[in-house]
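I open this notebook to record what I looked up in one model.

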Amino acid sequence: MYEKLNKFEKLVFDACSVTLVLFYAYAAVIQPMATQYHRGIYVIITYILAFLLYKSKSKIMRVVDYLLIVLSIASIGYWIFMFEVINYRTGAETTTDMVFAIIGVLIGIELARRVVGGVFVILGVVMLTYGVYGYLAPDLVSHAGAPFTELCVSIFYKSDGVFGIMANVLATYVILFVLFGAFLEKCGAQKFFIDWPLAAVGHKIGGPGKVSVIASGLFGSISGSAIANTVSTGMFTIPMMKKAGFKPHVAGGIEPAASIGGMFMPPIMGAGGFIMAELTGVPYSTIMLVAIFPALMYFFSVFCMVHYEAKKYNIVGEKSKFSAMEIFKKEWFYIIPLVVITIFMLYGFSPGYSAILGLVSCIIISWVRKDTRIGPKRFIEAARDGTENSLKIGATVGVIGIIIGVLTFSGLVLTFADIMIELAGGSLLMTIFLIALASLVLGMGVPVTAAYLITAVVAVPALTHLGVNEIAAHMIVYWLSQDSNITPPVCIAAFAGATIAKANMWKTAFTSFKFAKFLYLGPILFGYVPGFSLNGGPSDIIKAFVLIFFGTWLYSYVLSGIWISTIKGVFKKTSA
């Protein structure tokens with residue numbers, strides 16, 4: 001998309017991308033910025049770049065794009081520079097305040113429409129309508145309602161609206177880690193993430209499929225997107241799986257099933273872990289520690305299912321030219337950025353600070369080899385790639401602000417937990433099922449991180465009311481928010497895998513759904529086994545880990561269906 005911009009637009013895009021890197025690096029390492037600059041700069045640059053990149057088709061409408069950019073700068077700029085004044089006169093806003101609030105809210109909907117799609121427009125309009133005409137809603141969810149201008153003022157200026165938690169998480173964590181991922185890829189690390197597992201397990205039963213699982217875990221832990229992970233690692237692993245003997249729809253299904261695991265895997269966990277830390281007030285290092293074992297069990301589950309799938313059809317990979325140890329000795333330094341980030345976060349440094357140190361380490365190790373050196377030109381390219389990757393989630397900030405702003409304004413956040421518990425009849429299992437259903441429906445048109453945030457705001461109180469500890473409750477919602485990537489009918493990651501595999505879309509989607517089944521067991525374990533989320537004494541946690549490890553293997557063995565052929569073989573021998 002960047003290539004379709006003219007020279008001036010490319011210059012603006014690159015300048016804004018580099019500005020994002022330098023501004024947030026300065027804010028993370030040297031001097032924290034005031035709230036209005038910290039959140040406002042991210043939002044204003046995101047809006048400018050999204051309207052530049054996701055442009056109108058006709059030249060006449062391109063003028064409208066530029067007009068929207070000007071209005072974005074005016075409305076967000078007004079919020080930045082009038083931040084303190086507006087806070088002082090809360091409840092007595094001027095006509096000018098109201099005009100800029102209305103512009104800001106409506107532009108947010110248009111931006112989401114262009115980047116994410118029509119579902120976000122429907123969500124935004126429905127929530128605004130509910131905010132204004134809430135008194136007409138059924139008694140269970142009704143509220144007093146408010147004039148449109150008053151509602152827009154609340155959404156645009158208050159701390160739980162457009163510039164609320166989503167903007168803060170995006171500006172504080174997400175943009176830095178997305179940029180880090182772009183720099184890590186630019187320094188050549190992605191090749192190591194595939195070559196090393198290929199040498200380690202590529203020649204064993206189901207080798208290429210197992211390479212897909214390990215590579216997706218390594219790359220997915222920093223990519224922040226299941227779809228990006230599927231496409232980037234899948235371009236290599238899917239053809240390799242097909243060549244080894246996996247059916248096209250199976251090869252296309254394994255990769256997205258493995259790729260969504262990267263969203264649970266520390267140190268980055270997509271953006272969900274950062275939102276979780278923000279919502280719970282728990283240090284991100286604690287979130288990471290809780291997430292490690294469940295993430296490993298997810299990958300172990302997919303790994304086992306790949307093994308048994310390959311065993312059924314006797315699929316064996318080819319031996320690599322170099323051993324895993326040889327590759328590790330030559331390319332071990334590519335894991336330095338991940339180690340740097342993990343160590344600094346575990347020692348209590350902020351995620352943003354750790355991300356910048358990781359980014360700097362990427363630049364340093366890129367100079368080990370001549371063809372990967374990050375000089376000024378490659379620095380700009382990495383900044384551009386990272387910024388472009390961030391736009392998909394950044395463009396949702398306006399509508400997320402509307403949704404959460406209206407939910408808070410109407411008081412529905414407080415009553416939704418009661419509604420959910422009542423529908424589930426007080427059953428924890430049924431509540432988890434309802435959350436899964438809500439996440440799937442919401443995820444059909446909303447990025448998974450946004451689906452998690454929206455669902456968490458209303459569903460976590462219901463889970464905690466039923467006795468689930470807060471972190472486990474968030475983990476339940478976060479895991480279930482990923483299901484729309486691989487669960488029909490939308491399942492974009494699965495469709496991406498099918499495209500690369502040149503396989504039937506629906507067969508691939510249902511195969512991916514089958515391989516990712518631990519995605520649905522994990523939330524139940526979070527709800528019913530406190531030790532799964534490190535809640536309890538050391539002996540309780542160890543006991544839970546051991547039982548879950550063997551339970552995961554058994555779960556994968558049963559789901560693989562390999563035992564059916566074994567039973568058939570026994571009956572054939574008996575009848576003979």
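At roughly what angle do the axes of helix α2 and helix α5 cross? I find that the axes of α2 (residues 35-53) and α5 (residues 95-115) cross at roughly 45° and come within 10 Å. Axes here are lines fitted to C-alpha atoms, for helices over the stretch in contact, with angles from 0 to 180 degrees between N-to-C directions. The angle makes α2 oblique to α5, since under 35 degrees counts as roughly parallel, over 145 as roughly antiparallel, 65 to 115 as roughly perpendicular and the rest as oblique. I note that α2 passes α5 in a left-handed crossing (the near helix is turned anticlockwise from the far one by less than a right angle). On the α2 side, I list Tyr47, Ala50 and Phe51 as making the contact, and on the α5 side Ile107, Gly108, Glu110, Leu111, Arg114 and Val115; contact means heavy atoms within 4.5 Å. Sorted by class, this contact has six nonpolar, one polar and two charged residues (Ala, Val, Leu, Ile, Met, Phe, Trp, Tyr, Cys and Pro count as nonpolar, Asp, Glu, Lys and Arg as charged, the others, Gly among them, as polar).

Provenance. I am working with a predicted model, in which local features need pLDDT of at least 70 and side-chain atom pairs pLDDT 80 or more, while totals for chains, interfaces and linings use all residues. Residues are numbered from 1 along each chain as its sequence is written, and side-chain values use heavy atoms, without hydrogens and water.

I looked up α14 (residues 284-313) and α16 (residues 336-346), which pack at an angle of about 115° with their axes 8 Å apart. Tyr284, Ser285, Met288 and Leu289 of α14 meet Thr342, Met345 and Leu346 of α16.

Gly220. I place Gly220 in helix α10 (residues 207-223). Is Gly220 buried or exposed? Gly220 counts as buried because its relative accessibility is 0% (buried is under 20% relative accessible area, exposed over 50%, partly exposed in between, with a 1.4 Å probe and protein chains only). Neighbours within four places in sequence aside, Gly220 is in contact with Ala215, Asn229 and Gly262.

Whole chain. I record 28 helices and zero strands, as DSSP runs numbered from the N terminus (helices H or I, at least four residues; strands E, at least two). Of the 576 residues, 57% count as buried. The C-alpha trace spans about 90 × 65 × 50 Å along its principal axes.
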